[in-house]
Amino acid sequence: MNRPDPRHAACRDHPMAPSPTERRAPGASPRPARDATAVGRADADQLAALRHTAHQCQDCPLYLHATQTVFGEGPSRPRVMLVGEQPGEQEDQAGRPFVGPAGRLLDRALAQLGWQREELYITNAVKHFKFELRGKRRLHKSASVLEALACQHWLEAEIALLHPPAIIALGAMATRALLRGSGPASAVPSVMRERGHWHRRAVDNIPVLITLHPSALLRGEPEQRDAAFAAWLADLRRADRVPD
């Protein structure tokens, strides 16, 4: 099947793409209207077409057992883009990203930050649910490096079409997918060492804020979860001020 060209007409060179000085954080005031209705409608149509094409993806074996492709969702002009790792059981059934336990924790964080989910574009580095059967249960299993690479072009196409002012990488898989092209494999930042810090993508110079995936908090020790959540909120809050 034909893969979408990341150099789409609505990519970073689009005349309506925000310049560095126009970038807004999630809690900032909306950009002034600039007769962009037609442009916004075209961007939304292109995003819908990309989503439709992705639902036919057979680039790796994960499509064979997953219920459906779980593509990103959100506006074609998001304030910030959030990239997670891969869909879970509930995402696979619903066809939407971040609707399971990790998604509910993310929603709780967004509420405390004062960010509207409807203003953000939320997606995953891998678009199909990977699992292993335990009786009748489908237990989450991490995608392999090759499976993540097979999905890379979808993520890059989303970024090229949206050209978000900033991206938040949730977890190691998202960090690798977003910053892999910024240096040798050994140079991909460590999430635990670089959480709360900004990096730049070499391919398009978009700033990327690194932090934990919410599922990491859910796996933590119960007595440490409140402190871990507060630290995670502090990481995310740094996206209120996107670097120039």
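This section describes the sheet, the nonpolar core and selected side-chain contacts of a predicted model.

The sheet is open and has 5 strands. Their order is β2-β1-β5-β7-β6, and the pairing is mixed. The edges are formed by β2 (120-124) and β6 (198-200), each of which pairs on one side only. Neighbouring strands are turned against each other by 25° on average, direction ignored. Strands β5 (residues 167-170) and β7 (residues 207-211) run parallel and are joined by 4 bridges. Leu170 has Thr211 in β7 as its bridge partner.

Helices pack on this sheet. Helix α4 touches β1, β2 and β5. The direction of α4 makes about 175° with that of β1. Helix α8 also packs on the sheet, where it touches β5 and β7. Its direction makes about 175° with that of β7.

In soluble globular proteins, nonpolar side chains tend to be buried together. In this model, the largest nonpolar core contains 57 residues. Ile168, Leu178 and Trp232 have the most contacts inside this core. Helix α4 (residues 145-162) supplies its largest share, with 9 residues. The surroundings of Leu178 can be listed in detail. Residues up to four places away in sequence aside, Leu178 touches Val83, Leu155, Ile159, Ile167, Ala169, Arg201 and Val208.

Thr175 belongs to helix α5 (residues 172-179). Its relative accessibility is 0%, so Thr175 counts as buried. Neighbours within four places in sequence aside, Thr175 is in contact with Ala169, Arg180, Val188, Pro189, Val191 and Ile210.

Aromatic residues were examined next. The model has 2 aromatic pairs. In one of them, Phe229 and Trp232, the ring centres are 6.1 Å apart. The planes of these two rings meet at 55°, so the pair is tilted; an edge-to-face pair would need an angle over 60 degrees. Both residues lie in helix α8 (residues 225-237). Because they are 3 residues apart there, about one helical turn separates them. Phe229 is buried, with a relative accessible area of 5%. Trp232 is also buried, at 0% relative accessibility. Trp232 is one of the residues with the most contacts inside the largest core.

Two charged side chains sit over aromatic rings. Arg108 lies over the face of Phe229, 3.8 Å from the ring centre. Phe229 therefore has a tilted ring partner in Trp232 and a charge over its face from Arg108. The charged end of Arg138 sits over the ring of Phe131, at 4.8 Å from its centre.

At 12% relative accessibility, Ala66 counts as buried, because the limit for buried is under 20%. Residues up to four places away in sequence not counted, Ala66 touches Asp92, His128 and Phe129. The C-alpha atoms of Ala66 and Lys127 are separated by 9.7 Å, although these residues are 61 residues apart along the chain.

Technical notes
Residues numbered from 1 in each chain as written. Predicted model: local features only at pLDDT ≥ 70, side-chain atom pairs only at ≥ 80, totals over all residues. Heavy atoms only, no water. Phe/Tyr/Trp six-rings, centres within 6.5 Å; stacked < 30°, edge-to-face > 60°. Helix = DSSP H or I, 4+ residues; strand = E, 2+ residues; numbered from the N terminus. Buried < 20%, exposed > 50% of the residue type's maximum accessible area, 1.4 Å probe, protein only. Lys NZ or Arg CZ within 6 Å of the ring centre and 35° of its normal. Contact = heavy atoms within 4.5 Å. Core = buried A, V, L, I, M, F, W, Y, C linked by side-chain atoms within 4.5 Å. Pairing = 2+ DSSP bridges. Axes fitted to C-alpha atoms, helices over the stretch in contact; angles between N-to-C directions.
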